[in-house]
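I opened this entry to keep track of what I looked up, contact by contact. The structure goes in first.

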Amino acid sequence: MLTKEEVLKIARLARLELTDAEVAFYQNRLGRVLDYMTELKGIETHGATSVRHVPLDSEKFRKDEAVNFPDKEALLKNAPALEEGGFLLPAIMETE
Amino acid sequence: MSNLNELDIQSLLSGYEKKQFTVTQVAESCLKTIAEKNPKLNALLEVSSEKVMARAKELDGQSSSAGKLKLYGVPVAIKDNFLVKGWQCTAGSKILEEYRSPYTATSVKRLEEAGALIIGKANCDEFAMGSSNETSAYGPCRNPWDLERVPGGSSGGSAAAVAASMCPASLGTDTGGSIRQPASLCGLVGVKPSYGRVSRYGIVSYASSLDQVGPFSQTVWDSARLLEVMSGFDPHDATTSKAAVPDFAQSLRETDLSQVTLGVAPSWLEGVDSDVKKAFDSSIEALKKSGAKVVEVDLPRTRYSLSVYYLIAPSEASSNLARYDGVHYGFRAKDFTDSETLYNRSRGQGFGKEVKLRIMLGTYALSAGYYDAFYLKATQVRRLIQQDFEDAFKKCDAILTQLLLQPLSS
């Protein structure tokens, strides 16, 4: 079980607004899952670090080249709010 | 002859070559089945008769390609976490409700170039997080064999569509069993390929060190064909392997089980239901009769897989899902006065319960003070689990396992 403050802190870091009911739900659920994970603490890993999941013959480095997406309109059409071809956000500076 | 929508890929290809039917006829038969069965199953979230019939007509216009293109006229359903230009891509989430795909995923593009026809977008657990298709924001998908049961997940709609003969094949993604488990629950063949075999370009990222694209079909040959078309290096996905892609379907015929050693891990069967055990044992007997040698293998550290998975996948998800901010695309909450509230509220209202749980788990595991104890430890244990597999594969060519410990209750 996590405290209410712990859940709110995680939610703030994760940029998630939670209702009071959700906070109570996640106090319990997150706490239970994290308790289960503590089984890993006792395992001797001998400093094993290299996780080899990428195929050895895959491309390690490629040229860092910018390529324009051919259909800018299609990308922008998915935005909830636009102004003059840019993404619209609330003002961050107060105007006099 | 069976109804056209019930034919497997191999039969479809041979029928087209002999000019027994047209792509339009097959497409009509699939659309008719979808119209009949989808309202109850909720397997497909978007079907466009217009797009399907236009593509069928286009393929009929190049009927000389029958027998040449590897998937000529094969209808395929695509999980709704793949981008297919012009189609929706919700990933089963409210946060992507209005999203329209601006381009097509490499795997789907390769199917289309081989002559396949996209029949619809398939239901799935939200952001592929779930194993029953019940976390979808668009309602659960049901199992065609028994409407009171789940089809499995997260690629539940992809599996249900094929099991209900809406189409002969579909694509899904697998991060922690999301192809293998629904394939099993719907009585299909499903393949989660090796990491790096199939490009992930154009799929909605969940946990990038685990996500893979793979096929569902009625037969092994069909999945082999789909896989060989999709596999291979893609400059848009730096993790794809440059290894040559053999003709998987052809190599099936060359397999002789007398040269094959199969491993069974007794510890994986601990706590298994007696019916599941019976089915598993009879499969082993059948393989032995076909000449395979069966040996015991031990993978002691796989018992930590679940903990490792629940740390690595959510950690990567918390990072991957940071892009859903109510600004660039997708759902935006209504009332906000500043940017911070806009992000928090859009994400809080747009994501479902399970997705928020996993994002927070990952955020916690990656946060200062916990990183070493959780995330780093999990990646180290993953390396040890990998070592167990490498050791086991010194003794055998493949390892057999059941999918679940118990059958699903209704």
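My notes below go from the chain contact to the domains and then to one helix.

Entry 1. I note at the start that this is a predicted model.

Entry 2. I looked up the contact between the two chains. I find 43 residues of chain A in contact with 51 residues of chain B. On the chain A side, I list helix H1 (4-13), helix H2 (20-37) and helix H3 (72-76) as the elements that give two or more residues. H2(A) supplies the largest share of that side, six residues. I sorted the residues of the chain A side by class and got 26 nonpolar, eleven charged and six polar.

Entry 3. I turned to the domains of chain B. The domain assignment gives domain 1 as 4-252 and domain 2 as 302-389. I have their C-alpha centres 27 Å apart. Where the two domains of chain B meet, 20 residues of domain 1 are in contact with 17 residues of domain 2. The domain 1 side of this contact holds nine nonpolar, eight polar and three charged residues.

Entry 4. I then looked at helix H4 of chain B, residues 106-113. Which of its residues are buried? I have B:Thr106, B:Ser107, B:Val108, B:Arg110 and B:Leu111 down as buried. For what covers these buried residues, I noted parts of chain B that include strand S2 (75-79), strand S4 (169-174), strand S6 (212-217) and helix H7 (220-230). I also checked what comes after the helix: H4(B) is followed by B:Gly115, with a positive phi near 100°.

Conventions
Residues numbered from 1 in each chain as written. Chains lettered and ligands numbered in written order. Predicted model: local features only at pLDDT ≥ 70, side-chain atom pairs only at ≥ 80, totals over all residues. Buried ≥ 20, exposed ≤ 12 C-beta atoms within 10 Å, placed from the backbone. Helix = DSSP H or I, 4+ residues; strand = E, 2+ residues; numbered from the N terminus. Contact = placed C-beta atoms within 7 Å. Nonpolar A, V, L, I, M, F, W, Y, C, P; charged D, E, K, R; others polar. Domains from an automatic or database assignment.
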